[in-house]
Amino acid sequence: MDYPQALIDTAALQHNLNIVRKKAPHSKVIGIIKADGYGHGIVEVAKSLIKGVDSFGVARLQEGIHLRQDGIHCPIILLSGISNKADLEHAATHNLNLVIHHITQLELLQQVVLPNPISVWVKVDTGMHRLGFPPQQIHEVITLLRNCSSVLSIIGLMSHFANADKFSDSFTLTQLEIFNHLKINLPRSFANSAAIMIYPQSQLDWVRPGLMLYGISPFKDSTGSELNLKSVMTLKSRLIAIQHLHTGDKVGYDSTWICPKSMPVGIVALGYGDGYPRHIQNETPMLVNGAFVPIIGRISMDMITLDLRTQPNATVGDPVIAWGAGLPIERIAHRAGTIPYELVCQVTPRVPRVLL
Ligand SMILES: Cc1ncc(COP(=O)(O)O)c(C=O)c1O
């Protein structure tokens, strides 16, 4: 099998879903699997979680159709809805549920006659100012949708937090208050992973976990395992060469690393062409045979160079872990100046996802 690989631990997915169920025992679960299941492989993740969730959430029409074509028959919500007649008709044909967040979508529903009417969620803008109707318009929107022949049912009201990863955040509490204040008798959904964990009062009728399903912490200063989650993706590769270099030898593009003494340098088959962040700080750790070793020099498209002085017995073919089992992705994201969401989403298609 080719290297690198993204190993996908399906038992860990189940474990993390169980944690969601334990933390939100009274809520239905919308498993968020957009962006190719946060880079883990949308169909594989869906197949693995389907028995334990009540619905899936994706961002785009193509993601929903992809799931349907691969035999996923449970409810699927298009979180960004649709923006034209053809897409609306496709969504209806594939029995996808729409999030209606903008007047243009409402008008489309009123104009288009759908042979198979569609079920919708209504999105409320409680302050994030990305998607959603202002709270004062929601009654009118609901009335219009109820009178629309293309709408089969209104499943519920949805909103989204801007800062749920911050503890005791006043803006989060304000958003929740605005949402709770709406006097409309429909099921509600607000909480993402962070809110499920630290704002249990926001769990309501449906929760929408994404990141925590993949075993990753939504908080800056903790790792998934510290939250009793299990990491799902391990990005793994192998040493494909070892160079025995001398004091003053230069390593990699731009010769940014100069050997301070004679030393072994390991070459890993992994690079920014696989989604490893090129701008990550030097000396970021990788695991070679279970031991931490630092990255040196520039990240190339297909290769990364490692200082193997602490692992002099490492040999070509030895396994290398970039993140996942034994090396928390939160730590790598921090060193790359980004968030773990971005790292998992940007693992490129040439890296096979291998189910464990
Ligand atoms: C509307 C919506 N709900 C839920 C989620 C899941 O969020 P998280 O991955 O932080 O749990 C997302 C992700 O961005 C989202 O856009």
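Q: How many residues surround the ligand, and which are the closest?
A: A residue is counted when one of its heavy atoms lies within 4 Å of the molecule. In this predicted model, 13 residues surround the ligand, and the closest are Lys34, Tyr38, Ser193, Leu211 and Tyr341.

Q: How do the residues of the shell divide into nonpolar, polar and charged?
A: The shell around the ligand holds five nonpolar, four polar and four charged residues.

Q: What does the backbone of Gly210 contribute?
A: A backbone N or O atom of Gly210 lies 2.8 Å from an oxygen atom of the ligand. As for burial, the ligand taken alone exposes 390 Å², of which the protein buries 91%.

Q: Where does the ligand sit?
A: A molecule is assigned to a pocket if more than half of its atoms lie within 2 Å of the grid points of that pocket. Here, the ligand sits in the largest pocket.

Q: Which residues does the UniProt annotation "active site" cover?
A: The unreviewed UniProt entry gives Lys34 and Tyr253 under this name. They span 220 residues in sequence, and their farthest two C-alpha atoms are 35.4 Å apart, so they do not all gather at one spot. From this set, Lys34 belongs to the lining of the largest pocket. Lys34 is placed in helix 2, residues 34-38.

Q: Which residues does UniProt list for "binding site"?
A: The unreviewed entry lists Arg130 and Met301. They span 172 residues in sequence, with the farthest two C-alpha atoms 34.7 Å apart, so they do not all gather at one spot. Of these residues, Arg130 is included in the lining of the largest cavity. Arg130 is in the loop between strand 6 (118-123) and helix 7 (138-146).

Key. Residues numbered from 1 in each chain as written. Predicted model: local features only at pLDDT ≥ 70, side-chain atom pairs only at ≥ 80, totals over all residues. Heavy atoms only, no water. Polar contact = N/O pair within 3.5 Å; in protein donor to acceptor, adjacent residues only side chain to side chain. Areas by Shrake-Rupley, 256 points an atom, 1.4 Å probe, with all protein chains shown as cover. 1 Å grid on protein atoms, 1.4 Å probe; cavity = no way out; pocket = protein on both sides within 12 Å on 5 of 7 lines; lining within 4 Å. Nonpolar A, V, L, I, M, F, W, Y, C, P; charged D, E, K, R; others polar. UniProt positions renumbered as here; feature names shortened; annotations may be inferred. Helix = DSSP H or I, 4+ residues; strand = E, 2+ residues; numbered from the N terminus.
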